[in-house]
Amino acid sequence: QVQLVESGGGLVQAGGSLRLSCAASGSIFSINTMGWYRQAPGKQRELVATITSGGSARYAYSLKGRFTISRDNAKNTVYLQMNSLKSEDTAVYYCNAESSSSYWGRGTQVTVSS
């Protein structure tokens, strides 16, 4: 079992920045890819970015350049730096970890005011 706890969400003005963190605990040795997904009201959950244990990152095409994912394997933590935020980035952001199973955090709300 893997437990994921997100933090760092909040309210920010358009053009601002936020940094999300996701700390993993439990069977962390089994984790390969970690990532962030988001779900806006009335929309499906969508990929934001993922990163492997080796540091290979993948981004949603529309977010590349504004968002940066990083990972500290020693701290079992994955980060999402979000810059130049827009109102359409408002969503609940979920952390995900992939091993033999898929694990999800409870999510953290990001609200961007215009």
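I'll start with Leu 4. Leaving aside neighbours within four places in sequence, Leu 4 is in contact with Cys 22, Ala 23, Ala 24, Met 34, Cys 95, Asn 96, Ala 97, Tyr 103, Trp 104, Gly 105 and Arg 106. Bear in mind that this is a predicted model.

Leu 4 also belongs to the largest nonpolar core, which has 29 residues. Leu 4 is listed there among the residues with the most contacts inside the core, together with Met 34, Trp 36, Leu 80, Met 82 and Tyr 93. Eight strands are named as each supplying at least two residues of this core: E1, E3, E4, E5, E7, E8, E9 and E11. As general background, nonpolar side chains in soluble globular proteins tend to be buried together.

Next, the sheet. Four strands form an open sheet, in the order E1-E3-E8-E7, with antiparallel pairing. E1 and E7 are the edge strands, each pairing on one side only. From one strand to the next, the twist averages 15°. Between E1 and E3 there are six bridges, and Glu 6 stands opposite Cys 22 in E3.

Thr 108 is found in strand E11. Is Thr 108 buried or exposed? Thr 108 has a relative accessible area of 11%, and because the cut-off for buried is under 20%, Thr 108 counts as buried. Its side chain reaches the backbone nitrogen of Gly 9 at 3.3 Å.

Methods. Residues numbered from 1 in each chain as written. Predicted model: local features only at pLDDT ≥ 70, side-chain atom pairs only at ≥ 80, totals over all residues. Heavy atoms only, no water. Core = buried A, V, L, I, M, F, W, Y, C linked by side-chain atoms within 4.5 Å. Buried < 20%, exposed > 50% of the residue type's maximum accessible area, 1.4 Å probe, protein only. Contact = heavy atoms within 4.5 Å. Polar contact = N/O pair within 3.5 Å; in protein donor to acceptor, adjacent residues only side chain to side chain. Pairing = 2+ DSSP bridges. Axes fitted to C-alpha atoms, helices over the stretch in contact; angles between N-to-C directions.
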